[in-house]
Structures are given as structure tokens and as C-alpha cells.
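My entries follow in the order in which I made them.

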Amino acid sequence: MTRRGRGRPPYPDILTPAEWRVLEEVRTGATNAEIAVRLGVSPFTVKYHISNILGKLGLRNRREIATWRREPERVRLPQVAAARLRALAGPLLVPFGFLPKPVLGVAVAAAIALVAIPAIVVAVLLTRPTEEPVNLLVSPDPSPSPAVPATTSPPPDPTPTATPTPSPQATPTPTPTAAPEPEPDPTPEPAPTPEAAPNALGIREVPTDEVFTRLEYPAGEQIPGDTGLFFLNVATGAVEGWQSVEGLPLEPSPGNRFVAVEGALHDRVEGRTFSWDPAVLRRAAWGGGRVVFERLDAEPQGEARYVLVDSSLEQTGSFAITAGFEIELAALDVGFLLVRDPEVPGQLWLLGVGTPQVPLVALPSAVRASRVEGGFALVSGPVAEGAGGQTCRVLRYDWSTSVLSDASFPCAGSPDVLGTGVHVSPDGRWIAATTRSLDCCDPLAPPEARFPALSTISVFDASTGEEQLRLSGTAFPLRPGSASGVWLADGSALVLDTVLGLQLVGLDGQWLLPQPSLLPEGVLLPAPDDPARFLHDMQTVAGLNGQILASAEFEEVAFFSSWGETSAEARIYQPPALRAAFGITPSVLPATQLPPFDGSLTAEVTVDSCLNVRAEPTTESDIEVCLPPERVVELVAHPSDGYVVEGPCVEDDLYGNCVWAYVLTEDGEQGWAYADFLRWPGTPVPGTEVAAPEEEAEG
């Protein structure tokens, strides 16, 4: 039997019914987000249909979609005339068949033009309304061209505003004159404003358009696929874009107040731009309306010298750090820097700007710092502790260096394996850490090719170190271009990655999304100050209930997004080149467990018939046993291949991981089972009951 290729058959109309529905909504002026709500589909689906409409109709943007109308089929007189001329000219050109093809082509074109041009002119005259005077002179169209999507201007006001459309101007009709009158002397150009004098640090204020191009897009306006940095105003839906005049990459400050490029900076609040010599000053830290520069022109003498400046880039203080030290964490709003000595692992110093350096305790391994409510937290580990496995440690300090909590707990994974790690909640009360990680699949493969196929994340009390919640079959999401954490702003829940997609789980072990979030770009990024606000699909801000709050409309999707210090704006990066992103996809269905915990490595069969256990991790291998639904098996290590391997997928694979796990039954049977149909014990994600493919369903 011949099988039809994948996909639906071509639709006989120029557009499909779904595309016609989207086209009609575009004509109303609705944004992609609004269309998605009206039609009951996702913004990604709307974007897909609009892309198809543009391609099929040969249009450039949604303005042209809104004004496009289907033209009735009719025969055009110029086409008929040209066709008849070709028929007449053919016999006439037979004697010239000896000519080369290029010359013959020119002859044919000339012959057709000699007859076609008069025929076209006659056709135009015959088809024009009789009451309209005939004018064969072509003049510019007096109607305005479609508004350019963005206006380039350096206005000081950083608030995005709608771009005004220029008023149409009629084409002037020239009037003959007897003799030209002498033109008056041109008005002398005003003298250029002298460049602002540099301050004591060599920093000078310059016109914004010398360094940056500022762009404005009203809500719903489609944004060209240019590189740059964009800020989506969640309240208004407007987008403010920034580009470097020289095409250099841009960087936003933590609070989105500043936009910087090497050797220059723009203050979006005050509308001022400053530049300096990058060979003399290097921006080392910023935040809270303040900037720290390292002075590269200072004599080393074993120290690196720094200056602190305000929003006008005027010096307000200075300090020195031992040469070679690095800034680990900047909290300039409260006047502190956390610096590290790269030659002494775990040695960090808290520097009060303008006050003596205060040493902190040395921790036993590489240290990572994060800011939490009222101070900061230091994370160390994992550290091997004999047969008991690895241990991590989190210390929480206030700004006076008093220890608020100190917790040690079991952990697993390493910085080389994506999806593992330790994350402290914003209030400092909770710690989420990877406690089990069986990496797939080749231990000799580069880190980007490995992922935690069988992994568990646990939540610990930061004060006591006690385990409060166990989340098997989960991993920490990988978000390119974003430094935001996985915790909700109030520490009540966290976002984790599963084989089903991203999920939100509360501290009580409840899955908070009605079904796994199968988002195209895999983004569910919590806001830093609002527990009910998230970034979805890189450019849409939505609430937990799915309500879309704001969305940016880009022609292309090669960009990344993140939050700043608040959820007032989402920042969207258009990188010069698309960076690779690797998904984190555990292979066993997730489940939650509350105390007391079972320490065994067991899984439950989830198919509705039976699951084949094979001698080798391939569907061509012999079947050892077929396991019924809800059968519990233990995951054990194969003598040579370990716990999990990557093998061929079965037909109609559910998730595409193609991971096989080595299992042992209570009756002593062992072999390779397809990991898609195993679930960790505990409370499962709602709606994860699955049926095995036909090939795997029968023993």
C-alpha cells in the first residue's frame, strides 16, 4: 500500500481556511497576541500563519496584508497584444534564424516593442474613464508612502511613544517664468556647538546619534529582524530599540537604565550619552544608577584602582583592590562589591565602597554568589565526601557579614553537565539542588552533548538543611542569554524542565500548570518581582493563567529575552549571529515526593498494555519479558554500559530522547526498557498516562 507523505494535502484555494481567518483578524489591526486569544490558538501559531500569508501573497508586512484584496481574474489588453505580436513576429523573423541567439533575442524584443508599445498606449486610453483627462506624463504619487516601521532619532525621553506619520505632500506643478530671478544669498549655517569638555576622568557628553540609534515601535508594530537590544514595555506594549552606529554588540545595565557599548554609555532616564577612551577606563560594574570604572592608566604597584561615578558620570569616590582580583557581585545601590581572589579558591572579600575591605571565610571549593533579600548567599560544592557521595553548602550573609544561615546537603552533577546545579530562592529561605544525576550518554562527549537523563532535584530548608521536597525526573532549564533564576519572586514555586516540557511546581509538591507547557522555544521565565508574571516564547509576557500582558512582533525569531531587576520591561536581544542552544530533557516521566523519602532508584511502568524488556537497547533485540502497567522495577547499572544509553527510537516515539534504561524486576529478570514509558514513584504530572507504540505494546 502506498503511504501518503506527512502533512495535509495542498489546499485548492490560495490560502487555507485558518490563514483566511488570521488575515481577517489582521485587517482589524489586532496584534498577534489578540488574534491568538480570539481564535483560541497560540501566538506562535498566529505567527506561523502570518509568515505563510506573506510568502503566498508576496507581501512584505502586515500593513500590506491588511490592504490586500483578491483581484478578479481578467484578461489584460497589453498581455493579449503582446501574445498576438509574438505570433505575428515569429514568421517574420524566420529569415533571421542564422543569427546568434543573443542577437536574435534582441531582434525579437525590438520587433515586439515596436508594435506592443503603441498597442499598450491604445489599450490604456481605451480603458480610462472618459471623464478623466488623459495625461501621458508620469509624475510622483502624491500619496504618502507606507509609514516606516521605525524612526531613528535621539530624543532624550526614554519612554516609548508612537511614531507620527508624516503628512502627505502634494507634488508641486512647475510654472514657466520668463527669466529666473536672482536667488538671495544663502543664510549662513549656525556655527556647530562646541563639543562638551571632558571631566576630570576624561569622560565627555556627546550627541546620542553619534554612538547609538534609538528606535520606537508602537504596540503591535512589526519589528524588522535587525540586530540590537529591545525593551518591551509591559504596561503599554510599546518597544524601544537600540542599535550601535558601528554595529557593535550592546549591553543593558541590571536595571535597564543604561545601554552601553565599548567606550560609551547612554542613560535612558536622563537622555544623556557619554563616551570615554576605552584604553584609559574600563567599565567594571554598574547598577542602582551608579557605575564603577577601572583606571587603566594608573600605575599598577600591586593594586588595581577604581573610581565610582554617579549617573552624570562624575566621580563620587575611589578605591583600590589587590591586582588580579575580580568582581563577583555588585550591589552598588547599597554600596557593596563582592570580589574574589582567582588564585585562592573560595576566597572572597566584601568591599564596602569607601570603607576598608572585609574578608569572608574561605569556602572549600569554587564559590558562586547570588544576591538574596537583605544580603547575599554563597554556594560551594559539590565536594566529594567518601562513600556518602557529594556535598554542597550554602551560607547566607547580611551586608554586615553576619551569617544568617549555613546549610550543607547532598548534591550531584557538575558545572560541566547542563541542567544541574544549586539555586537559592530570592528570599534566601530555600535551596533547590540537583541530588541525583545520571548523565546521558557518552561520558567522553563534550558537555553540550550530555544531559541528566535520570535526574532528581530536591528542595532544602536553608536554615536547617532538611530536605522538604523531592522532584524526580526534573532538571533546571537552560535559558540562553538569560541570568534569571528558576524561582518565583516570592519563593513559593520553581520552574523545572521535564520530558513533557517546562513545568511549575509548588513547595507543597503540587504541579501548578493544568498540563505540561509544550512551548515552542521552551521558555517560562519568572519575573524578578511578580510571582504571577512570566516571559514566554522569548517575546511574550503572560500571567500564570495564560493571559497575555504584552508581546513584541518581530519579523524574525533569532533572539533571546530576559528580565532586568523589575518586570516593568522585558529586554529582547537580537544577536549578530544565532547562538546554539541545547535543550535539557530528562527521559523518565516526573513525579513529586514528600517526606519520608524512599532512597531506592525505582520506576513504575506507565503503558496501558505491557512494556518490552530487551536483551539489547534496540527494538531488533530479543524480548526478555513484557512488564504489565504499574509494575515497579529497579534501575541498576549494566556491567559495561551503565544505567542509561542512547539507542534507536521505537516507531512513533513520544518525546524523541531515544534513551534506554537498564532495569531489574522483582523476579530477577533484567534488560533494557525504553525510558519514555517509565515514571518515577510519587505524585505524577496530571495527564501523563500514555500508551506504548504498537511495536512495544505486545510481548
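**Entry 1: The cysteine pairs**

I began with Cys 610, which counts as buried because its relative accessibility is 14%. Cys 626 has 22% relative accessibility and therefore counts as partly exposed; the cut-off for buried is under 20%. I note here that the model is a predicted one.

I then looked up the bond between these two residues. Cys 610 and Cys 626 form a disulfide, with 1.8 Å between their sulfur atoms. Cys 610 sits in the loop between S36 and strand S37 (611–614), and Cys 626 sits in strand S38 (residues 623–627), so the pair ties together parts 16 residues apart in sequence.

How many disulfides does the count come to? It comes to two. I found Cys 392 joined to Cys 411 by a disulfide, S to S 2.1 Å. This pair links distant parts of the chain, 19 residues apart: Cys 392 belongs to strand S20 (residues 390–398) and Cys 411 to strand S21 (residues 403–411). About the S-S bond of Cys 392 and Cys 411 the torsion is about 85 degrees, so this disulfide is right-handed. Are Cys 392 and Cys 411 buried or exposed? I recorded both Cys 392 and Cys 411 as buried.

**Entry 2: Strand S39 and its partners**

I next examined strand S39 (residues 632–635). Its covered face holds Val 633 and Leu 635, while Val 632 and Glu 634 make up the uncovered one. Strand S36 (residues 602–605) pairs with S39 in the antiparallel sense over three bridges; Ala 603 has Val 633 of S39 as its bridge partner. S39 also pairs with strand S41 (residues 659–664), again antiparallel, over two bridges. There, Glu 634 has Leu 664 of S41 as its bridge partner.

**Entry 3: Two open sheets**

I traced an open sheet of five strands in the order S1-S9-S8-S7-S6, with antiparallel pairing. Strand S1 (204–206) and strand S6 (251–252) stand at its edges; each has a single partner strand, so one side of each lacks a neighbour in the sheet. S6 runs antiparallel to strand S7 (residues 258–261), and two bridges join them. I looked up the partner of Glu 251 and found Ala 260 in S7.

I then traced an open sheet of four strands, S10-S11-S12-S13, in which the pairing is antiparallel. Why is one side of strand S10 (281–287) and of strand S13 (315–322) left without a neighbour in the sheet? Both stand at the edges with a single partner strand each, so that side has none. Neighbouring strands of this sheet are turned by 25 degrees against each other on average, direction ignored. Strand S12 (residues 303–309) pairs with S13 in the antiparallel sense over seven bridges, and Arg 305 has Ala 320 of S13 as its bridge partner.

**Entry 4: Helix H1**

Which residues of helix H1 (residues 17–27) are buried? I listed Glu 19, Val 22, Leu 23, Glu 25 and Val 26. Seen down the axis of H1, the buried residues fall within an arc of 165 degrees, so they line one face of the helix. An α-helix has 3.6 residues a turn, so residues three or four places apart point the same way. Just after H1, I found Gly 29 with a positive phi of about 90 degrees.

How values were computed
Residues numbered from 1 in each chain as written. Predicted model: local features only at pLDDT ≥ 70, side-chain atom pairs only at ≥ 80, totals over all residues. Heavy atoms only, no water. Pairing = 2+ DSSP bridges. Buried < 20%, exposed > 50% of the residue type's maximum accessible area, 1.4 Å probe, protein only. Arc of directions from axis to C-beta. Axes fitted to C-alpha atoms, helices over the stretch in contact; angles between N-to-C directions. Disulfide = S-S within 2.5 Å.
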